[in-house]
Amino acid sequence: MIVLGIESSCDETAAAVVEDGHRILSSVVASQTVIHRSYGGVVPELASRQHVKVIIPVVSEALQRAGLELSAVDAIAVTKGPGLVGSLLVGIGVAKGLAYATGKPLVAVNHLEGHIVAAFLEESPPSFPVVALVVSGGHTNLYVVNNYSNVTLVGRTRDDAAGEAFDKVAKFLDLGYPGGVVIDELARSGNPSAISFPRAYLEKDSLDFSFSGIKTAVVNFVRKYVDFNQSEGIGISGAVAKQLPVQIADIVASFQEAVVDVLVVKTCAAAQRFDASQVVVAGGVAANSRLRERLREEVTRLGLPLMLPRAELCTDNAA
């Protein structure tokens, strides 16, 4: 069974060819990071326009790298959501057109479930049941996965996603885009214990998340020492940073540690509560080095295997 997959849920245009559900024959991703960098986040209109420009060349390249003609494909799969509506429409429109023209079956795929099953593309796939944390710029969800068609949501963010909080803090501190990558790198030279930022664990036994408070705590900490004269939109320049009692690296390291603490605690609690045989972590933020380190420590302490897909399978892709 050879499937052509198409993904356009946000700001990556991607196509992949996968054989028998686990062997990647090709995977092509066209990133839009340069386009959105000056805005400090994804601009939906620009994203959808760029998808229109590159999606046909991306699909063609995926088939070429796989050494196949479109006629050799058995089915076409496409991300149906969640995601940016304008971006999703581009991928869905192309997939529908290809399916109609070739008579191939069209399969609509949930974007978040796609992140979970990325773990099954590795050489040693997980065994059911698993607890899966999907953590990205737009989503922070916990699932219990009993099989491919039995996926139950048991926890979700009530406000900002973890990746969204990373991006917003990076934008406020004028660190660059994408915020998660910049903070991950800068935090390595900082002290994660320098500032005691709050951790939101919510109600007793809750598996939900909340990251808007930690983002606000970072803003309030900086504003205690810096007079912005305006309430929004002014980042931290080198001169402004000198007014702070700690280094910027210490601020982001402490912020990152607070976010990671909550993600790890909730994921381990879910694994124990639902008697998981394995823990899977996926989504763009799953590439964060500190999150991966802490999860390895804590999940191993529970005596469970941890499946962290390689970085290119964590970020948005069509495989």
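Buried residues are those under 20% relative accessible area, exposed residues are over 50%, and partly exposed residues fall in between (1.4 Å probe, protein chains only). By that criterion, helix α5 (residues 162-172) has as its buried residues Ala 162, Gly 163, Ala 165, Phe 166, Val 169, Ala 170 and Phe 172. Helices (H or I, at least four residues) and strands (E, at least two) are DSSP runs, numbered from the N terminus. This is a predicted model, in which local features need pLDDT of at least 70 and side-chain atom pairs count only at pLDDT 80 or more, while totals for chains, interfaces and linings use all residues. Residues are numbered from 1 along each chain as its sequence is written, and side-chain values use heavy atoms, with hydrogens and water left out.

**Surroundings of helix α5**

- The cover over the buried residues of α5 includes β6 (130-135), β7 (140-147), α6 (179-187), α7 (212-225) and α9 (248-273), where contact means heavy atoms within 4.5 Å.
- Asp 174, which follows α5, has a positive phi near 60 degrees.

- Two packed helices are described by the angle between their axes and the distance between the axes.
- Axes are lines fitted to C-alpha atoms, for helices over the stretch in contact, and angles run from 0 to 180 degrees between N-to-C directions.
- Angles under 35 degrees count as roughly parallel, over 145 as roughly antiparallel, 65 to 115 as roughly perpendicular and the rest as oblique.
- The axes of α5 and α7 are 9 Å apart, and the two helices pack at an angle of about 15 degrees; α5 and α7 are therefore roughly parallel to each other.
- The crossing of α5 with α7 is right-handed; a crossing has this hand if the near helix is turned clockwise from the far one by less than a right angle, and is left-handed if anticlockwise.
- On the α5 side, Lys 168, Val 169 and Phe 172 meet Lys 215, Val 218, Val 219, Val 222 and Arg 223 of α7.
- The contact of α5 with α7 comprises five nonpolar, no polar and three charged residues, with Ala, Val, Leu, Ile, Met, Phe, Trp, Tyr, Cys and Pro counted as nonpolar, Asp, Glu, Lys and Arg as charged, and the others, Gly among them, as polar.
- The axes of α5 and α9 come within 11 Å and cross at roughly 175 degrees, which makes α5 roughly antiparallel to α9.
- Ala 162, Ala 165, Phe 166 and Val 169 of α5 meet Phe 255, Gln 256, Val 259 and Leu 263 of α9, a contact with seven nonpolar, one polar and no charged residues.

- Gln 32 is placed in the loop between β3 (23-31) and α1 (33-36) and counts as buried at 1% relative accessibility.
- A polar atom of the Gln 32 side chain lies 3.2 Å from the backbone oxygen of Ala 47.
- Val 107, in strand β5 (residues 106-110), is partly exposed, with a relative accessible area of 41%.
- Val 107 and Ile 76 are 31 residues apart in sequence and 6.2 Å apart in space, C-alpha to C-alpha.

**Backbone geometry**

- Most residues other than glycine have a negative phi, and most peptide bonds are trans.
- The peptide bond from Gly 81 to Pro 82 is cis, with omega near 0 degrees.
- The peptide bond from Tyr 177 to Pro 178 is cis, with omega near 0 degrees, and Pro 178 is in the loop between α5 and α6.
- Leu 202, not a glycine, has a positive phi of about 65 degrees.

Terms used. A polar contact is a pair of N or O atoms within 3.5 Å; within protein, one must be able to donate a hydrogen and the other to accept it, and residues adjacent in sequence count only if both atoms are side-chain atoms.
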